Amino acid sequence: MRTKLAIRLNRVLEKRFPERRVFLKSDTDTRFIRLRPATQLIAVSAAILLTSWAIMASAIVLMDSIGSGNFRDQAKRDKAVYQERLKILSTERDSRAEEALAAQNRFNAALEQISVMQSDLLESETLRHELETGIEVIQTTLRTVMKERDGAREALAALRAETDGESQMLLAAEAAPRQIEFMSRALGRTAAQRDQIQADAQVALDERDRLQDELIAMRDRNDQIFRQLEEAVAISVEPLNKMFKSAGLPPEKIIEQVRRGYNGQGGPLTPISFSTRGEEPSGDEIRANRILDQMDRLNLYRIAAQQAPFAKPVHSAVRMTSNYGYRRDPITGGSRLHAGMDFAGPYGTDIFATADGVVTHAGWQSGYGKLVVIKHAFGLETRYAHTSRIHVKKGQRVSRGQHIADMGSTGRSTGTHLHYEVRVNGQPKNPLTYLKAANNVF
């Protein structure tokens, strides 16, 4: 069966490719090579395939050249846009810093005013207490004099009633001038004391009204200062609160954890006390303590922000070449989770720590190349891979913004870039979440 099929196939091929012979002649001999139809078919097919491959390769090279030119133009445009965005962010950051400094200055000035007003309030309270005591003494003396005056009047009436009869009238006539003179002097002294007491009482009442007006004006000034402080604190705390929420970090849990680590008390944030007599706290005292609580929260936020990766790992003009998520592996061609962000830039670009922490790894690791791993608070960890040079050691404590490595292309890398990761309790998270959360704060 195979022989018949081969014969038929050979006949068909002979029509297109008849058998040929190639003669090779030498000085002493002549030989030939027989080119059968099947051999000619294979040679022609090989020639066609080679020509097709050459045409396709030339087309691919030409298209790649055109595409690379477009890619370079696009890269230049992206670089210009990114640099402009960096300038805008830098301007916004400087503006926020100036606003924070102005708010801090306003708060310091308000604290000084509160201290002065607190002293004035204590002095006013002491003066009011003295005036109340003086008024009570004057009123007691006035009541005593009025009683003596009434007694003198009753004695005079009784004396007049007893002077009945002619003998009694003679005796009364002899004694009357002395008694009348005595009573007149007593009544005169009483009237003078009464007038003086009334005048002193009026002066005390006028002083009380004046002090009350001053207290009302002082309360109005205190209320205005408290409103300004409350607004300044609210403006400072709210962006930080939103930043932590956007990054998926529960603010209350973070604040409590920082407070446990920084639990010393005293100093300028000690609650204000306006009275030492065991009285209920006043409205101003409650508002002042509430503001101090918010300032304490602001300070704890500041400490927490230093320990969370909200800063950028590179400060120079770079280009983000790959984001977090599933992507095609440029080396193997398969799909895998890209657990971080890639920033491409010039070789040797400075790389900075994005938060305070402790270096747990500084050296070579398979796939990552030269790798720096920093452990932060709240179960956070950052990784800086493919570096060309490392400037820190394992166990070293670093601060946010500290230069820790230089950009390179070590490990599984197709070019100079930084692979940056953020992990929470060992699980990779999108670093862009933290960078976006801090855009309007730092």
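Phe310 is buried, and so is Tyr434, where buried means under 20% relative accessible area, exposed over 50% and partly exposed in between, with a 1.4 Å probe and protein chains only. This is a predicted model, in which local features need pLDDT of at least 70 and side-chain atom pairs count only at pLDDT 80 or more, while totals for chains, interfaces and linings use all residues. Residues are numbered from 1 along each chain as its sequence is written, and side-chain values use heavy atoms, with hydrogens and water left out.

The structure holds two aromatic pairs, a pair being rings of Phe, Tyr or Trp (its six-membered ring) with centres within 6.5 Å, called stacked if the planes are under 30 degrees apart, edge-to-face if over 60 and tilted otherwise. Phe310 and Tyr434 form a tilted pair, 6.1 Å centre to centre with 50° between the planes. Tyr384 and Tyr420 form a tilted pair as well, at 5.5 Å and 40°. Tyr384 lies in strand S10 (residues 380–390) and Tyr420 in strand S13 (residues 417–424), so this pair ties together parts that are 36 residues apart in sequence; strands (E, at least two residues) and helices (H or I, at least four) are DSSP runs numbered from the N terminus. Tyr384 counts as buried at 0% relative accessibility, and Tyr420 does at 1%.

His338 is placed in strand S5 (residues 335–338) and, at 2% relative accessibility, counts as buried. A polar contact of 3.1 Å joins the side chains of His338 and Asp342, the term meaning a pair of N or O atoms within 3.5 Å, of which, within protein, one must be able to donate a hydrogen and the other to accept it, and residues adjacent in sequence count only if both atoms are side-chain atoms.
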